[in-house]
Amino acid sequence: MRLGFHFRPRVLGAIALTVGLIFVLVPSARAASGKKAKVARVDITKLVWPPPPDQPRIRYIGQYNGELDLLGKKQAKGGLLERVAGVSVTPEERPRLVKPYGAAVDSKGRVYVADWAQHMVLVFDLEHKTLQFRGDKAPANLQTPIGVAVDDRDRLFVSDSKLHQITCFGPTGKVAGVFGAADLQRPAGVAVDVPLRRLYVVDVGGKRIAVFDLDSFKLLKYFGEIKDKAGDRTGALTNPNSIAIDPDGLLYITDAIVSRIVVFDTEGNFVRAWGKRGDGPGMFGRPKGIAIDSDGHVYVADSQTNRMQVFSSEGKPLVMFAGPGWGPGQFMLMGGVAIDSHNRIVAVDMTPARIQVFHYITDAEAAAAKAGLKAPPTEAADQEKAPQEAQPADSAATSGPTVQELQKELAELKAKLAAQEQKSDAVGNAKGPADNPAQEAPGSTK
């Protein structure tokens, strides 16, 4: 028997009546009983992937929809300035995400989220608990912002699919340039290549990648498009949407319709591709966001299966986390994803409108934890960084100092510093944090 959606009007009426009764009677029954509906709470401190007894590589941090989440519950009724001015701002009136898509993070840890419904970019400062905006006032003109990327000078590049152009904002939010209107058909994801001073733009309308000079904003070339319909189309893009660059300079692009990841080198030469349609490991429903962590793992957000898959650079499935739902660590319609130098994974949920933040446990941290030791004294130990297969602790001997050697060096360094500080105190010349090489500022590189 063939199944279809050919219901008769009488059947539809009965279904509508039943659903209506459910929505009316269930709340009434709860009110009559005087009891509130119990909502299952999740202990987010234990929300990790993979779950125990496996060694965790991803840890859940929190979620943010708008200003109210940054201010906290105590500020829900308005702050001091609002009370002095006699103005009441309801939670619904506070700025928040409506239709987010792309995400990026700058050197200060500020999270940029493109909101195409509000024609602007929301800037979440998670540390200082503030919310700012880009493109919300003239001379900026954003119609449908989709992709965002930040360069080494904290300049923000925003793709506008409706105006088919790129807007560059300076570090303070002023418009620094607008370009690409004559070169792009429908831009989406963007990525910055600092060493080569390039900006890569996914042109969905042209089914290609456009390459611009990062400083002059001039178009350099295209690649990835179908040149010969009768020829080999292995490396040709069908419906590209997002792009990311790994530490070696390779470009990873999500191709949504054919459900795969396509890899190019910086010259636009096809390197490899992986993935196919499905819901198993290494398969995709509709891949959207893509990002790469400091260990070279590739994260792909799937807007159809609402899960995040992590791969090796060659496409080997490593870890899968998240899943469909409304709770912490769950998604209903995944969008963009970004990973910052603090090892934070920022993933966009388009419905409900929010960003969810995770912490990546690096290979070095995982190896140290497996050996029962603290993380080695690297930048990753003081910041927040996800997953490759955890390497054995003794494998470090072939590529550098072991964890034990690093711990010993750290202990010796602390002892020397302590002795120096005691000596300085004796002569009334104490050192400050800037003189202490062990206290490096977050985001510094070694």
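**Questions on the Structure**

Trainee: How many residues lie between strand 15 and strand 16 in their hairpin?
Mentor: Helices (H or I, at least four residues) and strands (E, at least two) are DSSP runs numbered from the N terminus. Strand 15 covers residues 240–245, and strand 16 covers residues 251–255. In the turn of the hairpin, Gly249 has a positive phi of about 90°. The number of residues between the two strands is five.

Trainee: What pLDDT do local features need in this predicted model?
Mentor: Residues are numbered from 1 along each chain as its sequence is written, and side-chain values use heavy atoms, with hydrogens and water left out. The model is predicted, so totals for chains, interfaces and linings use all residues, side-chain atom pairs count only at pLDDT 80 or more, and local features need a pLDDT of at least 70.

Trainee: In which sense do strand 15 and strand 16 pair?
Mentor: Two strands pair if DSSP finds at least two bridges between them. Ile243 has Ile253 as its bridge partner in strand 16, and Pro240 has Asp255. Five bridges join the two strands, and the sense is antiparallel.

Trainee: Which are the edge strands of the open sheet of four strands?
Mentor: The order of the sheet is 15-16-17-18, with antiparallel pairing. Each edge strand pairs on one side only, and these are strand 15 and strand 18 (270–274).

Trainee: By how many degrees are neighbouring strands of this sheet turned against each other on average?
Mentor: Axes are lines fitted to C-alpha atoms (for helices, over the stretch in contact), and angles run from 0 to 180 degrees between N-to-C directions. For this sheet the direction is ignored, and the average is 20°.

Trainee: What is the angle between the planes of Tyr252 and Trp274?
Mentor: Rings of Phe, Tyr and Trp (its six-membered ring) pair if their centres lie within 6.5 Å; planes under 30 degrees apart count as stacked, over 60 as edge-to-face and the rest as tilted. Tyr252 in strand 16 and Trp274 in strand 18 are 22 residues apart. Tyr252 is buried at 0% relative accessibility, and Trp274 is buried at 9%. The pair is edge-to-face, 6.2 Å centre to centre, with an angle of 65°.

Trainee: Which residues of the largest nonpolar core touch the most other members?
Mentor: A nonpolar core is a set of buried Ala, Val, Leu, Ile, Met, Phe, Trp, Tyr and Cys residues joined through side-chain atoms within 4.5 Å. The largest core has 35 residues, and those that touch the most other members are Val111, Phe124, Ile209, Ile243 and Ile355.

Trainee: How many residues does the other core hold, apart from the largest one?
Mentor: Among the members of this other core are Ala291, Val337, Ala347 and Phe358. Phe358 also belongs to an aromatic cluster with Trp49, Tyr60, Phe321 and Phe331. The number of residues in this other core is 19.

Trainee: How many residues apart are Asp363 and Arg57?
Mentor: A salt bridge is a side-chain nitrogen of Lys or Arg within 4 Å of a carboxyl oxygen of Asp or Glu, and the side chains of Asp363 and Arg57 form one at 2.9 Å, N to O. Asp363 is buried at 10% relative accessibility, as is Arg57 at 4%. Asp363 lies in helix 4 and Arg57 in the loop between strand 1 and strand 2 (58–64), and their separation in residues is 306.

Trainee: What is the N to O distance in the salt bridge of Arg197 and Asp152?
Mentor: Arg197 lies in the loop between strand 11 (187–193) and strand 12 (198–203), and Asp152 in the loop between strand 7 (145–150) and strand 8 (156–160). Asp152 is partly exposed at 48% relative accessibility. Both residues belong to a salt-bridge network that also includes Asp151, Arg153, Arg155 and Asp215. The distance is 3.2 Å.

Trainee: Which residues are in contact with Val42, leaving aside its neighbours within four places in sequence?
Mentor: Val42 lies in the loop between helix 1 (9–33) and strand 1 (48–49), and is partly exposed at 45% relative accessible area. Pro328 is 286 residues away in sequence but 7.5 Å away in space, C-alpha to C-alpha. With contact meaning heavy atoms within 4.5 Å, the residues are Leu47 and Pro328.

Definitions and conventions: Buried < 20%, exposed > 50% of the residue type's maximum accessible area, 1.4 Å probe, protein only.
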